[in-house]
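The following note sets out a colleague's points on the model shown below.

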Amino acid sequence: MAVSLGPKPLVAVGQVTSTPDKEQNFSGCAALVRAAARRGACLVFLPEGFDYIGRDSVQTLSLAESLDGELMARYSALARDCGVWLSLGGFHERRADWLSTQRIYNCHVLLDPTGRVAAAYRKTHLCDVELEGRVTMKESSFTNPGTEIVPPISTPAGMLGLSICYDLRFPEISLALRHAGAEILTYPSAFTFPTGSAHWEVLLRARAIETQCYVVAAAQTGRNHEGRVSYGHTLVADPWGTVVAQCSEGPGLCYAEIDLEYLRHVRREIPVQSHRRADLYGTVELQAAPSAP
Ligand SMILES: O=C(O)CNC(=O)[C@H](CS)NC(=O)CCC(=O)C(=O)O
């Protein structure tokens, strides 16, 4: 087995309780990013709704900005200051179609350490779910679905594949990203309590085991506003499916080393990728090269 040289890359995963107060959310997230950078993380993950969680769709729409707005400029400066990559999972984004559609995109932005947008993935599976008497979500009422999956991006921790929250329920996107070279899959999330307690960890570990990738899942936790509580349980699973890091209650960080030698070892031991029966059920692949961020 090849001997790896030097320290393994360290990633940090943030857990927050975003509210409708964007200023307060930015200070909380920035403090986590600075702490992670001081600890030596090269890549910091923040959850869906890191910018804010609105009380209702009217407020959610009114607070949204574009990628060249003020909030993203502040995050770019933060990435540059700290010299880290930032996965900002689930920015409420106004695009050129805002005036005509009055809907936003749920955009996972990856910033490099110069503060540039290295990639932007817009959530393709929108969460329209009704659990009788418990949960009502209709994301499509204020969000346009993304139209493409973004090929994995090369980072100092490995090839990173971007998804968001509810995408976790669709193994096809994880398999397509794996097929395209992903080594780390990330699912920034704001899971509900009833679905999170039943499905969160088992889905994340299943995606890690099936794809033999690291799975990183930054999560909203606790009471975001009067009407909403998020499940939390931010975690990192390794390519064997072991949970190697997780956050406890409340806002905070957890850390994981990304060991690509170990990933290759797992893939050699159980070579599922070469055992797939495309002749029986076809292949799952990225369909088209997306346009620039
Ligand atoms: O709306 C925002 O401001 C941020 N976005 C969200 O919170 C999204 C859409 S409502 N939440 C989910 O996808 C939860 C999925 C979930 O809980 C499950 O799949 O079980």
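1. Helices (H or I, at least four residues) and strands (E, at least two) are DSSP runs, numbered from the N terminus. Residues are numbered from 1 along each chain as its sequence is written. The model is predicted: local features need pLDDT of at least 70 and side-chain atom pairs count only at pLDDT 80 or more, while totals for chains, interfaces and linings use all residues.

2. An unreviewed UniProt entry lists residues 9-260 as "domain: CN hydrolase". UniProt positions are in the numbering used here, feature names are shortened, and annotations may be inferred rather than shown by experiment.

3. Helix H5 (residues 171-179) and helix H6 (residues 193-211) have axes that come within 10 Å and cross at roughly 35°. Axes are lines fitted to C-alpha atoms, for helices over the stretch in contact, and angles run from 0 to 180 degrees between N-to-C directions. The crossing of H5 with H6 is right-handed; a crossing is left-handed if the near helix is turned anticlockwise from the far one by less than a right angle, and right-handed if clockwise. H5 contributes Pro171, Ser174, Leu175 and Arg178 to the contact, and H6 contributes Arg207, Glu210 and Thr211. Here two residues are in contact if their C-beta atoms, placed from the backbone, lie within 7 Å. The residues of this contact comprise two nonpolar, two polar and three charged. In this division Ala, Val, Leu, Ile, Met, Phe, Trp, Tyr, Cys and Pro count as nonpolar, Asp, Glu, Lys and Arg as charged, and the others, Gly among them, as polar.

4. Within H5, the residues Ile173, Ser174, Ala176, Leu177 and Arg178 are buried. A residue is buried if 20 or more other C-beta atoms lie within 10 Å of its own, exposed if 12 or fewer, and partly exposed in between. The buried residues of H5 pack against H6 and also against strand S9 (158-162) and strand S10 (184-186). Just after H5, glycine 181 takes a positive phi of about 110°.

5. Glutamine 212 has a positive phi of about 55° and lies in the loop between H6 and strand S11 (214-217). Glutamine 212 counts as buried because it has 23 C-beta neighbours inside 10 Å. Histidine 233 has a positive phi near 60°, in the loop between strand S13 (228-231) and strand S14 (235-237). Most residues other than glycine have a negative phi.

6. Which residues does isoleucine 258 contact, leaving aside its neighbours within four places in sequence? They are Lys8, Pro9, Val11, Ala157, Gly158, Ile184 and Tyr214. Isoleucine 258 is in the loop between strand S16 (252-257) and helix H7 (260-269). With 24 C-beta neighbours inside 10 Å, isoleucine 258 is therefore classed as buried.

7. The largest nonpolar core has 79 residues, of which Val11, Val44, Leu204, Val215 and Val216 touch the most other members. Such a core is a set of buried Ala, Val, Leu, Ile, Met, Phe, Trp, Tyr and Cys residues joined through C-beta atoms within 7 Å. Leaving aside neighbours within four places in sequence, valine 216 is in contact with Val11, Val13, Phe45, Ile184, Thr186 and Val236.
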